[in-house]
Amino acid sequence: MNTPVPPIRAPRRDATENRAALIEAAKAELQRDPDAGLETIAAAAGLSRRAVYGHFPSRDDLVREVVTAGAARIAAAMPSTSNLADLPPAARVAAIAVTLWSEVSHVRSMARVAVRGPFIEAVAAVFEPLRAQVRDACALGIADGSMRDDVDAATLGRLVEGACIAVLDEATRSGTSDEDGRRMVVLSALGMAGIDWRTALLSEPAPAHTTTQEPAA
């Protein structure tokens, strides 16, 4: 008599895989809908809502994990102090603004989540080195007369940051193209610094060019 062979079950994902699946699902769902709830995120990860609480005490904790990791990735992509050292102040600000735009333009909804609501402080801590670069550029611009001097460098840096966030808001709302968004963020950042828009255009970095290889014969 043959003994029936029990069906082979797929191995269960371990805790590390479940956590990673939740984070990836949160990225995707929050990009589609910044107000996506835990049920939606859990379902996208193939888990129950209850399973989420084994990794994150609340939705805010999950979202905070996602946005701070994203902020760290963006901060790592920013030009280094040595890369900016030989640039005039306006070009420094423009280089930072363009790099920032290139990193967030494809995840605009998530970027707005990161700079709004309960996550501002966590994201601000990650971005502090970037903010220091902007402050330094503003201080140089104030000192050489190329930027407005009615406020100090720290205040001007915050105003420039606010101008960049305003562009992100508008670009997300109106579906601005990447090219137009790039130009807008430069003009807005430098305009806030007191530089007229025609002069600001001269400080915009040239777009990066990618070389397309011909297919092999």
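Me: Helices (H or I, at least four residues) and strands (E, at least two) are DSSP runs, numbered from the N terminus. How many helices and how many strands are there in the protein chain?

Reply: The protein chain has 11 helices and zero strands. From the N terminus on, its elements read α-α-α-α-α-α-α-α-α-α-α. The model is predicted, with local features requiring pLDDT of at least 70 and side-chain atom pairs pLDDT 80 or more, while totals for chains, interfaces and linings use all residues. Numbering starts from 1 along each chain as its sequence is written, and side-chain values use heavy atoms, without hydrogens and water.

Me: What makes the span of H6 close to the expected one?

Reply: The expected span is 1.5 Å times one less than the number of residues in the helix. H6 (residues 89-104) has 16 residues, and the expected value is 22 Å; from first C-alpha to last, H6 reaches 23 Å.

Me: Why is Thr99 called buried?

Reply: Buried means under 20% relative accessible area, exposed over 50%, and partly exposed in between (1.4 Å probe, protein chains only). Thr99 has 18%, so Thr99 is buried. Thr99 lies in H6, where 14 of the 16 residues are buried. Across the 217 residues of the protein chain, 36% count as buried.

Me: Which residues is Thr99 in contact with, leaving aside neighbours within four places in sequence?

Reply: Contact means heavy atoms within 4.5 Å. With those neighbours left aside, Thr99 is in contact with Ala77, Met78 and Pro79. Thr99 and Arg182 are 83 residues apart in sequence, with their C-alpha atoms 9.0 Å apart in space.

Me: Why does Ser203 count as buried, and what does Ser203 touch beyond four places in sequence?

Reply: Ser203 counts as buried because its relative accessibility is 17%. Ser203 lies in helix H11 (residues 197-203) and touches Ala90, Ala91, Ala94 and Leu190, not counting residues up to four places away.

Me: What makes a set of residues a nonpolar core, and which element gives the most to the largest one?

Reply: A nonpolar core is a set of buried Ala, Val, Leu, Ile, Met, Phe, Trp, Tyr and Cys residues joined through side-chain atoms within 4.5 Å. The largest has 57 residues, and Val67 is one of those with the most contacts inside it. H6 gives the most to this core, with nine residues. Val67 is in contact with Met110, Val113, Ala114, Phe119 and Val123, leaving aside neighbours within four places in sequence.

Me: What makes a set of grid points a pocket, and what is the volume of the largest one?

Reply: On a 1 Å grid over the protein atoms alone, a pocket is an open set with protein on both sides within 12 Å along at least five of seven lines, whereas in a cavity a 1.4 Å probe fits but cannot get out. The volume, the space filled by probe spheres set on points joined across faces, edges and corners, is about 870 Å³ for the largest pocket.

Me: How do you know which residues line the largest pocket, and how many are nonpolar?

Reply: Lining residues have an atom within 4 Å of a point. There are 41, of which Ile74, Leu100, Val104, Val115 and Phe127 lie nearest the centre. H9 gives the most to the lining, nine residues. Ala, Val, Leu, Ile, Met, Phe, Trp, Tyr, Cys and Pro count as nonpolar, Asp, Glu, Lys and Arg as charged, and the others, Gly among them, as polar. The lining therefore divides into 30 nonpolar, four polar and seven charged residues.
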